Each structure stands twice: as structure tokens, then as C-alpha cells.
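Let's take a walk through a protein model, one piece at a time. Have a look at the sequence and the structure, then read on.

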Amino acid sequence: MPRSSAEVFDLLHNYSRRLEWDTLLSEARLTRGHSEAGKGATSLCVGKPFFGMIGVETEYLAFEPGRLAAVRMINSPPFFKTFAASIRHVDMPGGSLATYKLTFSSKPEIFRWSLDPTMLFYLRYETKKRLEALARFLR
């Protein structure tokens, strides 16, 4: 990323600005009365129409500004049985490194043999696009 870990982290978890750069989402907001991101806060991210406008509501399990955020899915949207993700930030000369990891399982279980690899392909592809878009926005 072309900015410091703190700057990237702050923008990434600022839901009022999320749609300015995020290529996947049509909606992004905090939920259940939370007004800012932080450990225990919940958020809803809804995909664009091409992705079925699936809404994934998550809870922050970890939130260390400038360093780490981790979430787990708390709702039950179509196709996702489980979902969790983390993003770690490390300052580097001239900017920072953001490392995103995710894990999930699909539903219905009977189709998992085909859904998991297909969903993983698209999740990796979209995550790469989103992080590239974030870097472009920060330039």
C-alpha cells in the first residue's frame, strides 16, 4: 500500500467512506447500534448486483488500529455456512503491507465439493481487485 499502516487501516474500517473505493460492495455500514468499528462491533457488507447482493454481517473479533482486524460472519446468507477473515498491516519503507486471509465453508453441504473451489476462486479474485482499488484510491 502506498500509505502507512495507520492510514490504510483507518480508511479500510471507515464505513462511511467504504464505497468510495471498494469494488465489490453496494452497501457497507455498521449495525446493531455500533457507531464505529472496534472489537465487538458489527457491520454489514452487501455485494453488488452481479454478486447477488448477498449481505454478510460480521463481528469484529480483533481490532488493533494500524495492525490487525479480524471478523467472523454472524448471519446466515445464501451460500455461506461460515466465513471469517483477517487483515494484518505492517509498515514498510514508502508505505505498508496489508495481508488479507479468509476462511469459509459453503452451503448447502451436498454441493460443497463444487461450491467451495468456485467460491474460493471468486473470493480471491475479488479480494485482489479490492486491495488494488484501495491502493489506487490511496495514491
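## An exposed arginine

Arginine 32 counts as exposed, because its relative accessibility is 58% and anything over 50% falls in that class. Keep in mind that this is a predicted model. You'll find arginine 32 in the loop between E1 and E2. Its phi is near 55°, a positive value in a residue other than glycine. That's worth a second look, since most residues other than glycine have a negative phi.

## The sheet

Now for the strands. In what order do the 6 strands of the open sheet come? The order is E1-E2-E3-E4-E5-E6, and the pairing is antiparallel. At the edges sit strand E1 (25–31) and strand E6 (95–106), and each of them pairs on one side only. On average, neighbouring strands of this sheet are turned by 20° against each other, if you ignore direction.

What holds strands together like this? Strands of a sheet pair through backbone hydrogen bonds, either parallel or antiparallel. Here, E1 pairs with strand E2 (residues 42–47) in the antiparallel sense, over 6 bridges.

## A buried serine

Go to serine 105, which lies in strand E6. Is serine 105 buried or exposed? It's buried, because its relative accessible area is 13% and the cut-off is under 20%.

Leaving out residues up to four places away in sequence, serine 105 touches Phe79, Phe80, Lys81, Thr82, Arg112 and Asp116.

Phenylalanine 79 has a phi near 75°, a positive value in a residue other than glycine. With a relative accessible area of 41%, phenylalanine 79 is partly exposed.

Finally, check the loop between E6 and H2, where proline 108 has its place. A cis peptide bond joins lysine 107 and proline 108, with omega about 0°. Most peptide bonds are trans.

Definitions and conventions
Residues numbered from 1 in each chain as written. Predicted model: local features only at pLDDT ≥ 70, side-chain atom pairs only at ≥ 80, totals over all residues. Heavy atoms only, no water. Pairing = 2+ DSSP bridges. Helix = DSSP H or I, 4+ residues; strand = E, 2+ residues; numbered from the N terminus. Axes fitted to C-alpha atoms, helices over the stretch in contact; angles between N-to-C directions. Buried < 20%, exposed > 50% of the residue type's maximum accessible area, 1.4 Å probe, protein only. Contact = heavy atoms within 4.5 Å.
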